[in-house]
Amino acid sequence: MTWHDSYVAPGCSDEAVPAATIESGVQFIDLYPAAQKVGKLVIGGTCDTVGVAGCWLSGCYGVFSKKFGAGALNMLAARVVLANGTLVTASKCVNPDLFWSLRGGGGGNTGVVTEFVVRTHPAPKSVTGLSFSGSATTRQEYQLLFEAALKAYAGVTQDADQASNGGFGFGRSQTKPYSYSVSINLQGYESDLEKQRALLQPLADFVAAQPSGSNISGSIGGENTWTAADYDPTAIWGVGNGSLPWGGPTGPGGPSTLVDMQSKFIPLHYIESAAGRKKLASALIKVTEEIGGASFMTPKGQAGIPPIQRERFNETALNPVILDTAGTLLVMFSLP
């Protein structure tokens with residue numbers, strides 16, 4: 001890894017930007033702490049054991065990609081081995097067609113990338129989190145709570161500062177008497193707890209407005225703040241403040257075996273309408289009755305990204321439909 005305070009892409013005359021040169025075999029579990037050590041943030045994947053090449057070439061939606069754009073948007077240049085064995089440099093000014101295909105076109109489609117140059121951002125001084133947790137004891141009332149939560153989530157996902165990370169969780173107990181749950185978790189780059197509270201307040205107001213005898217309950221809580229000043233890179237496995245909120249070692253012990261994983265983008269426009277929320281809530285309640293629960297990953301949805309990131313998005317090979325996504329529904333089945 002090489003850190004550049006001022007970098008201009010080959011062949012270009014753009015304003016110089018902070019950047020890093022990263023070899024394609026690096027994993028985020030090593031990259032994130034190394035970047036933090038020099039006060040920088042590199043946009044990558046949510047799972048820290050993912051390699052940079054596969055992620056950046058395929059889009060790469062991670063914790064702060066809602067604020068700073070997906071990994072592919074932050075690519076400035078690459079060294080690529082073509083099918084004829086030629087090693088070339090690609091940027092928006094040198095081999096621009098090749099460069100376009102590398103930014104979200106998928107790994108191995110046009111060449112083998114040996115090295116990337118990516119834009120870096122200032123590491124956050126703090127990361128603040130807040131959550132709403134709600135429950136219901138009947139399916140009918142859960143439907144109402146779920147729809148209200150989706151309405152609040154539609155607003156949450158459009159705030160790139162206060163909700164650059166987090167998710168939407170839902171589930172049902174597997175034994176009678178059944179209990180149903182829903183939650184929205186926020187985590188933001190140098191965020192503000194009061195602004196985060198304002199995003200969740202409509203959902204808390206919905207709960208408070210329920211008639212006497214209702215089985216719907218819920219509240220805002222879970223305040224937490226991570227600060228860079230307290231971060232200790234020598235602390236490992238969760239001892240002290242040795243973890244980064246956007247990636248890092250997950251602790252000792254054997255990993256699980258992933259048997260199956262399914263995901264689907266959730267369109268923002270769909271949950272902005274009452275009819276869409278009603279249908280989606282009904283469908284996802286059925287999911288909870290089959291598997292217990294699932295969640296949306298907020299940073300993988302790209303609705304609400306800043307205008308400069310939308311401009312960069314349109315320069316890539318990524319599907320513009322993703323700009324209308326609130327999050328990603330993720331269902332995983334694992335064995336120890």
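1. Let me start with Phe146, which is buried in this predicted model, its relative accessible area being 0%. Phe168 also counts as buried, because its relative accessibility is 0%. The two rings have their centres 5.6 Å apart and their planes at 40°, so they make a tilted pair.

2. Phe146 and Phe168 are part of a cluster linked by ring pairs, together with Tyr142, Tyr153, Phe170, Tyr180 and Phe296.

3. Across the whole structure, a search finds 16 aromatic pairs. One of them is edge-to-face: Trp56 and Phe116, at 5.2 Å centre to centre with 75° between the planes. Here helix H2 (residues 52-58) supplies Trp56 and strand S6 (residues 112-119) supplies Phe116, so to speak, 60 residues apart in distant parts of the chain. Both Trp56 and Phe116 are buried.

4. Do also have a look at Tyr178. Arg172 lies over the face of this ring, 3.6 Å from its centre.

5. Turning to charged pairs, the search of the whole structure gives 6 salt bridges. Among them is Lys40 with Asp5, where the closest N and O atoms are 3.6 Å apart. Lys40 sits in strand S3 (residues 40-41) and Asp5 in strand S1 (residues 2-7), 35 residues apart. Lys40 counts as buried at 12% relative accessibility, whereas Asp5 counts as exposed at 65%.

6. Asp14 is in the loop between S1 and strand S2 (17-23), while Lys92 is in the loop between strand S5 (87-90) and helix H4 (96-102), 78 residues apart. Asp14 is partly exposed at 36% relative accessibility, and Lys92 is partly exposed at 45%.

7. The side chains of Asp161 and Lys67 also meet in a salt bridge, at 2.5 Å from N to O. The partners are 94 residues apart: Asp161 in the loop between H5 and S9, Lys67 in helix H3 (residues 65-68). Asp161 is partly exposed, with 33% relative accessible area, but Lys67 is buried, with 18%.

8. Finally, please check the surface around Ile291. Together with Val259, Phe333 and Leu335, Ile291 makes a nonpolar surface patch of about 340 Å². Ile291 lies in helix H8 (residues 274-291) and is partly exposed, with a relative accessible area of 33%.

Note on methods
Residues numbered from 1 in each chain as written. Predicted model: local features only at pLDDT ≥ 70, side-chain atom pairs only at ≥ 80, totals over all residues. Heavy atoms only, no water. Phe/Tyr/Trp six-rings, centres within 6.5 Å; stacked < 30°, edge-to-face > 60°. Helix = DSSP H or I, 4+ residues; strand = E, 2+ residues; numbered from the N terminus. Buried < 20%, exposed > 50% of the residue type's maximum accessible area, 1.4 Å probe, protein only. Lys NZ or Arg CZ within 6 Å of the ring centre and 35° of its normal. Patch = residues over 30% accessible without salt bridge, like charges linked within 9 Å, V, L, I, M, F, W, Y side chains within 5 Å. Areas by Shrake-Rupley, 256 points an atom, 1.4 Å probe, with all protein chains shown as cover. Salt bridge = Lys/Arg side-chain N within 4 Å of Asp/Glu carboxyl O.
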